[in-house]
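My notes follow in the order I looked things up.

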Amino acid sequence: MPFTKLLVPTYTQMLKALASWLEKAQAQLPDADSNALLSARLAPDMFPLSTQIRFVCVQAQEAVFRLKGEAFPASLGELVDEGRNAGEQPGSLADAKARIEETVALLEALSPDALDKDPGEAIAHELPNGMVLDLTAEQYARDWALGQFYFHLMTAYAILRSEGVELGKADYIPHMFPYIRAGTIPKG
């Protein structure tokens, strides 16, 4: 499957789901301090919700520029720094939703084959700690780009649930509703 057809719809639908989770958080916890919510963590040594949201966006944007063979723009570095510093400066829910909207806009502006390249093309992916992963484009898309995206997405989901936001499977897969066969929705 071409990378654009795999990654762009996946990232877009899940980013939109994430935005809806934040809207539910605002609606369900109207008196909650958004600073406290965005600072919530699953464990003391994990990044807070605000970072998880930004890193979901980072992973999607990074994959776009890496697979297009383009240098990362300054805005991506700023987003990474914003995420790393979100423990001290979590921002607001509006800030978080704006980052999601920016990422969705980037994805929706791509041409239908923007990320498609030879699956065997070499990609050297350097991690912040200095380690370098030598991958093919296929390995990068399958083993890194999707995995890291979903790690941060599901951590954000888990933090929201642990903070009392009522989310369920339907909130996770709203993009699947158009595929439901007529007459098969349980009654009651």
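Predicted model: local features only at pLDDT ≥ 70, side-chain atom pairs only at ≥ 80, totals over all residues.

Entry, helix packing. I looked up helix α1 (residues 3–28) and helix α6 (residues 137–162), which pack with their axes 11 Å apart at an angle of about 10°. Angles under 35 degrees count as roughly parallel, so α1 and α6 are roughly parallel to each other. On the α1 side, the residues that meet α6 include Phe3, Leu7, Tyr11 and Trp21. On the α6 side I found, among them, Ala141, Phe149, Tyr150 and Leu160.

Entry, Glu108. This residue is found in helix α5 (residues 93–108). Beyond its neighbours within four places in sequence, I found Glu108 in contact with Thr12 and Lys16.

Entry, salt bridges. How many salt bridges does a search of the whole structure find? I got eleven. In one of them, the side chains of Glu82 and Arg54 meet at 2.5 Å, N to O. Glu82 lies in helix α4 (residues 74–84) and Arg54 in helix α3 (residues 49–68), so the pair ties together parts 28 residues apart in sequence. Is Arg54 buried or exposed? Arg54 counts as buried, at 2% relative accessibility, while Glu82 is partly exposed at 24%.

I then checked Arg99, whose side chain meets that of Glu82 in a salt bridge (2.8 Å, N to O). This pair links helix α5 and helix α4, 17 residues apart.

Definitions and conventions: Residues numbered from 1 in each chain as written. Heavy atoms only, no water. Axes fitted to C-alpha atoms, helices over the stretch in contact; angles between N-to-C directions. Helix = DSSP H or I, 4+ residues; strand = E, 2+ residues; numbered from the N terminus. Parallel < 35°, antiparallel > 145°, perpendicular 65-115°, else oblique. Contact = heavy atoms within 4.5 Å. Salt bridge = Lys/Arg side-chain N within 4 Å of Asp/Glu carboxyl O. Buried < 20%, exposed > 50% of the residue type's maximum accessible area, 1.4 Å probe, protein only.
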